[in-house]
Structures are given as C-alpha cells and as structure tokens.
Amino acid sequence: MRIVITGGAGFLGRRLARKLLERGTLTDARGQPRTIASIVLLDVVPADLPADPRVAAVTGDLADPAVIARAVAPDTDTVFHLAAVVSGQAEADFDVGMRVNLDATRSLLERCRALAAPPKFVFASSLAVFGGPLPDPVPDNAPLTPQASYGTQKAIGELLVYDMTRKGFVDGRSLRLPTVTVRPGKPNKAASSFASGIVREPLAGIDAPCPVAPTTRMWVTSPRTVIDNIVLGHEAPASAFAHTRSVNVPGIRVAVGDMVAALRAIAGDAVADRVKWQFDPAIDRIVSTWPANFAPVLGPALGMRADADFAGIVRAYMADDMPRA
Ligand SMILES: NC(=O)c1ccc[n+]([C@@H]2O[C@H](COP(=O)([O-])OP(=O)(O)OC[C@H]3O[C@@H](n4cnc5c(N)ncnc54)[C@H](O)[C@@H]3O)[C@@H](O)[C@H]2O)c1
C-alpha cells in the first residue's frame, strides 16, 4: 500500500508517519487490509526522516501541481492531507491561506482523481469551520459558520472532499480536529498556540503569556489520542458515512484556567505561576469564536475517543515529548 502524507514534516504529520510504520497495515478503499509498502512525506520544509526504508520525502510547495505529481504516484492508495498554513497565519495573510489551504487542496484532489483507482483521502479539517451562535453542545450536523479565513478554507475543503467522494473520484473523510495540545517545540502561528505554551514553557522553566481569559473554554485533545482518531477515520468503511464525510473528532471541553490548575496540581505552584495572563484581543477574537462543547455521535461510532481529562493530557506530554533534563 502506498501512502502520501502532506505536511509530513509537521507536528501531526511526523507522528502519523510513526504510527503507521508501527502498525504496518491499513485498510484500502476496497476494504482490504494491506501492508504499508511506502509512505511519502510531502512538505515545503525538509522532513526529518525516520530511519525506515519505507519512508521517502518530497520537498516542495503543495501549491505547485508538479510537486503534487512527484509525490502522489499513480498507484497511491491513501492521501492524508495535513499540510496547511495555520489559523493565525491564514488570517494575517489572506493570499497565502487561500493558495495553500484552498487552491492546493483542490489541486491535490484533482491529482487523486487522475489515479489508477480512487484513493482514500483523509483531510485534516478543524473545529474552526464552526463559529458564532451555535447550539451548546454543537451537534454533528451544525451548519458550517466559520468566522475567520482558516475555517472558511477548511469548510470549502470539506465540501470539495464530499463532492469528489460523491462523484467517486476519492473515498474521502474530513476530520474536524479539536485543538491539539500539548505541542512540543516552539510556539507557532496558530491562534491556539498558547494552549500548548502555557504547559510546555512553564515545565521548561520559562514564563508563558496567556492571551485569553481563564474563563475561555476550549475543545482539546492530546497528540496521542488525535493520531489514533485520525487512523480510525481512515479505517472506517465507506458504509459508515451517510450524507456527509465530515466527522467532529472527540475532544474534551476545558476552561483555560482549569488547564493551568491541572498543571499546578501536577507540577506545583512555581511552575504554574509562570503562566502570565496577558490579554491579546487579536488572539481572543479568533479563539472566542470557536465552539468549545460538542456532542459527537459519528466519531465515537467509528471508535474514536477523547482523553479522560486535561491532567492526562499534561502527563502524556511529560511522558512523550518533554525534553529530558
Ligand atoms: N494542531 C492542531 O491543533 C490542529 C487542530 C485542528 C486542525 N489541524 C490541522 O491539522 C493539520 C496538521 O496540523 P499540525 O499541527 O501538524 O500543523 P503543522 O504546522 O505542524 O504542520 C503543517 C505542515 O504543513 C506544511 N506546509 C505548509 N504550507 C505548505 C505548502 N505550501 N506546501 C507543503 N507543505 C506545506 C508545513 O511546513 C508543516 O510542516 C493542519 O491541516 C491543521 O490545519 C491542526
């Protein structure tokens, strides 16, 4: 089985590649279990390749159809489409967001349409397709009401995935991921970046600004759990979907103040006191439009699950990713 992961050098792309290498098999679009023969990591930055002969990298801009053609060989069985410019950047630079998040998604789907057989296509969407006044909790069939460019681009991508699936060009699945925390490394340009920074930085002995109020609630997941859920989204049979290919991926609802309280309970006052409440209206404007409470039905029916609580998410970071002293 031949797999392509766009955004394969990114946070989730690298983890997904590792998880697939460990599993060794996936189910193809015909429902057959297949051994994974190759994984191509397509990214604009060079991928830090795991030492595994099944993995190769294609480095280039996804918005260039020639790069897509190089990465997506005619016998590709599955594309995990994770490449994107994140929310803060898509809002700051409208043209880049449209080119990468929308135009390149369409080019990638067009490439899939030209393959020998329709591949599975897993699209990393986001809870940012929702915003504004919504039922609480948000049901699976809530209307798409994005309040920023990133969510708009993801929403259009989901509609394309559904329509190309309906036409039989791909076997698509759009997974609306919660905010994934705790992300290791450096802060990024996602509006939600602070949700990782307020745990990661204090644990490393560094002050971390928190740009939203302690009462702000978020819908979050750990990297471990979301990667399991992405694989489950891939493995679900086409018959599990009815009038949509979009899935609200399970998460937990947590107030930012309770995130810091969980950190305090685990790591102590000196660590938690490194969180500095510094309100930033530009970040708050984006984050406060995202709903924080969902009632997912389809995701759990596909076997997807949520983390138990935020303390578990902090402990997962400490076990999996925290740099050792
Ligand atoms: N991490 C989260 O909290 C979260 C939440 C919801 C949805 N998502 C979605 O999941 C996906 C993966 O997120 P992530 O956290 O791993 O992000 P990330 O920024 O770590 O990874 C995205 C990757 O895409 C690559 N990329 C950007 N522009 C590109 C281009 N023009 N050509 C080729 N590659 C390009 C980047 O270099 C990066 O490696 C994204 O689509 C994101 O929108 C993430």
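Modeller: The account below begins with the domains and then turns to the helices.

This is a predicted model, in which local features need pLDDT of at least 70 and side-chain atom pairs count only at pLDDT 80 or more, while totals for chains, interfaces and linings use all residues. Residues are numbered from 1 along each chain as its sequence is written.

The chain is divided into domain 1 (2–180 + 222–248) and domain 2 (191–218 + 252–292 + 308–320); such bounds come from an automatic or database domain assignment. The centres of the two domains, taken over C-alpha atoms, are separated by 27 Å. Their contact draws 15 residues from domain 1 and eleven residues from domain 2, where two residues are in contact if their C-beta atoms, placed from the backbone, lie within 7 Å. On the side of domain 1 that touches domain 2, helix 3 (residues 87–92) gives the largest share, three residues. Helices (H or I, at least four residues) and strands (E, at least two) are DSSP runs, numbered from the N terminus. By class, that side of domain 1 has six nonpolar, seven polar and two charged residues. Here Ala, Val, Leu, Ile, Met, Phe, Trp, Tyr, Cys and Pro count as nonpolar, Asp, Glu, Lys and Arg as charged, and the others, Gly among them, as polar.

Isoleucine 198 counts as buried because it has 26 C-beta neighbours inside 10 Å; the cut-off for buried is 20 or more other C-beta atoms within 10 Å of the residue's own, with 12 or fewer for exposed and partly exposed in between, the C-beta atoms being placed from the backbone. Leaving aside residues up to four places away in sequence, isoleucine 198 touches Ala208, Cys210, Met259, Val260 and Val275. Its C-alpha atom is separated by 10 Å from that of proline 211, 13 residues apart along the chain.

Two packed helices are described by the angle between their axes and the distance between the axes. Helix 6 packs with helix 8 at about 25°, the axes being 10 Å apart. Axes are lines fitted to C-alpha atoms, for helices over the stretch in contact, and angles run from 0 to 180 degrees between N-to-C directions. The two helices are therefore roughly parallel to each other, since angles under 35 degrees count as roughly parallel, over 145 as roughly antiparallel, 65 to 115 as roughly perpendicular and the rest as oblique. Ile198, Val199, Pro202 and Leu203 of helix 6 meet Met259, Val260, Leu263 and Ala267 of helix 8. The residues of this contact divide into eight nonpolar, no polar and no charged.

Helix 8 (residues 256–267) also meets helix 12 (residues 310–320), their axes coming within 9 Å and crossing at roughly 60°. That angle makes helix 8 oblique to helix 12, and the crossing is again described as right-handed. In helix 8, Asp258, Met259, Ala262, Leu263, Ala265 and Ile266 take part, facing Phe310, Ala311, Val314 and Arg315 in helix 12. By class, the contact of helix 8 with helix 12 has eight nonpolar, no polar and two charged residues.

How values were computed
Left-handed = near helix turned anticlockwise from the far one by under 90°.
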